[in-house]
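Please have the sequence and the 3D view at hand.

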Amino acid sequence: MSPPTPSFPEAALCAQGLVKHYGPAAGGVRAVDGLDLVLAPASVLTLLGPNGAGKTTTVEICEGFLRPDAGEVSVLGLDPVADGERLRARIGVMPQGGGAYPGVRAGEMLRLIAACSARPLPVGWLLDVLGLTSCARIPFKRLSGGQRQRLALACAVVGRPELVFLDEPTAGMDPQSRRLVWELIAALRRDGVAVLLTTHLMDEAEALADQVVIIDNGKVVARGTPNQLTARSGEQQLRFRARPGMDLDALARALPSGYQAEEPMAGSYLVRGQMNPKVLSAVTSWCADQGVLADEVRVARRSLEDVFLDLTGRELRS
Ligand SMILES: Nc1ncnc2c1ncn2[C@@H]1O[C@H](COP(=O)(O)OP(=O)(O)OP(=O)(O)O)[C@@H](O)[C@H]1O
Ligand SMILES: [Mg+2]
């Protein structure tokens with residue numbers, strides 16, 4: 001079977017109209033529901049979405065591990081299912097949660113995978129870059145969660161792939177490891193690698209993504225650069241910290257009409273609306289009238305997290 005003709009022939013990955021449904025026996029979920037993605041070469045596309053939004057299902061379809069019920073995928077110009085064998089050598093995969101034979105030593109596992117590639121990265125160098133040199137002789141089952149994640153990333157990139165799939169690569173990592181991984185991803189991109197990344201971390205998406213695609217219930221609800229997504233509404237916010245439980249109605253009355261005051265977390269306040277010096281002064285004066293020092297006062301655009309929560313709701317998903 002020939003691969004589908006992509007609408008974006010120059011794209012590293014192009015998916016159109018993807019649908020994946022798990023039948024009644026598996027809970028009757030429409031996990032992916034008409035999704036389109038285009039990943040340019042030498043760029044990072046980040047999929048953001050709440051738990052169960054369909055990120056892993058989408059990634060697994062693009063990797064060729066799952067067959068979509070409808071839609072077309074082209075990865076490096078090939079069909080990931082029909083051309084799976086040919087594609088395998090050109091892509092890197094870091095699955096969510098990972099896993100390996102418990103007894104295999106970290107260095108041994110990486111060397112095994114390197115031995116399967118025509119032009120692997122030097123294993124010692126990669127272990128060093130990912131801070132794994134001291135773990136090289138440790139069996140997989142004894143590695144910490146963060147060390148396993150870094151090893152899985154090393155396995156995904158050791159074959160010098162043209163495209164890597166990273167499903168929550170920094171989940172459970174400490175801040176130092178996360179920054180190491182961010183540097184590696186940025187370096188991959190500079191070297192021309194295309195990266196499809198899923199994450200729950202907004203700062204990760206902002207730091208790495210050329211394009212962010214926010215999905216919910218298997219559908220795209222927004223897409224753009226992090227800047228485009230946060231600038232779209234044009235809305236600004238004033239944030240400050242102060243004593244928890246202040247009277248929000250009284251604060252709103254002290255402001256011109258059309259401004260809303262919220263306390264999204266105890267002691268953390270948010271005033272929505274177009275900011276100007278008068279509004280800023282009204283807020284700080286009102287706080288002063290309450291005998292309260294408004295701390296960490298900041299006028300900013302909506303954050304990516306605000307955009308995400310506005311689009312996908314604030315309630316916890318089951
Ligand atoms: N093999 C399966 N059988 C039945 N349902 C499944 C299967 N795999 C995934 N699902 C369901 O499909 C939906 C999407 O799951 P998916 O793993 O793609 O979400 P996700 O966005 O990766 O979530 P998370 O952020 O928690 O990793 C969920 O409702 C999930 O329960
Ligand atoms: Mg997932």
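## The magnesium site

Gln96 is partly exposed, because its relative accessibility of 42% falls between the limits of 20% for buried and 50% for exposed. The model is a predicted one. In it, Gln96 coordinates the magnesium ion (ligand 2) through OE1, together with Thr56 through OG1, at 2.0 to 2.1 Å.

These two residues bring together distant parts of the chain, being 40 residues apart. Thr56 belongs to helix H1, while Gln96 sits in the loop between strand S5 (91-94) and helix H3. Thr56 is also partly exposed, with a relative accessible area of 22%.

Three strands form an open sheet in the order S2-S1-S4, and their pairing is antiparallel. Strand S2 (29-39) and strand S4 (70-75) are at the edges with a single partner strand each, so one side of each has no neighbour in the sheet. From one strand to the next, the twist averages 20 degrees.

Strand S1 (residues 13-22) is joined to S4 by five bridges, and the two run antiparallel. Across this pair, Cys14 is opposite Ser74 in S4. Helix H1 (residues 55-63), which carries Thr56, packs on the sheet and touches S1, S2 and S4. The direction of H1 makes about 120 degrees with that of S1.

## Helix H3

Which residues of helix H3 (residues 106-115) are buried? They are Ala106, Gly107, Met109, Leu110 and Ala114. Viewed down the axis of H3, the buried residues fall within an arc of 160 degrees, so they line one face of the helix.

The cover over the buried residues of H3 includes helix H4 (123-129) and helix H5 (145-157). On the other side of H3, Leu112 and Ala115 are exposed.

## Two residues with positive phi

Leu76 has a phi near 50 degrees, a positive value in a residue other than glycine. Leu76 is found in the loop between S4 and helix H2 (84-88). Its relative accessible area is 16%, so Leu76 counts as buried.

Asn217, which is not a glycine either, has a positive phi of about 50 degrees. The loop that holds Asn217 runs between strand S8 (211-216) and strand S9 (219-224). Is Asn217 buried or exposed? With a relative accessible area of 54%, Asn217 is exposed.

Definitions and conventions
Residues are numbered from 1 along each chain as its sequence is written. Chains are lettered from A and ligands numbered from 1 in the order in which they are written. This is a predicted model: local features need pLDDT of at least 70, side-chain atom pairs count only at pLDDT 80 or more; totals for chains, interfaces and linings use all residues. Side-chain values use heavy atoms; hydrogens and water are left out. Two strands pair if DSSP finds at least two bridges between them. Helices (H or I, at least four residues) and strands (E, at least two) are DSSP runs, numbered from the N terminus. Axes are lines fitted to C-alpha atoms, for helices over the stretch in contact, and angles run from 0 to 180 degrees between N-to-C directions. Contact means heavy atoms within 4.5 Å. Buried means under 20% relative accessible area, exposed over 50%, partly exposed in between (1.4 Å probe, protein chains only). The arc is that of the directions from the helix axis to the C-beta atoms. Donors are N, O and S atoms within 2.8 Å of the metal (3.2 Å for Na, K and Ca); water is not among the atoms, so sites may look incomplete.
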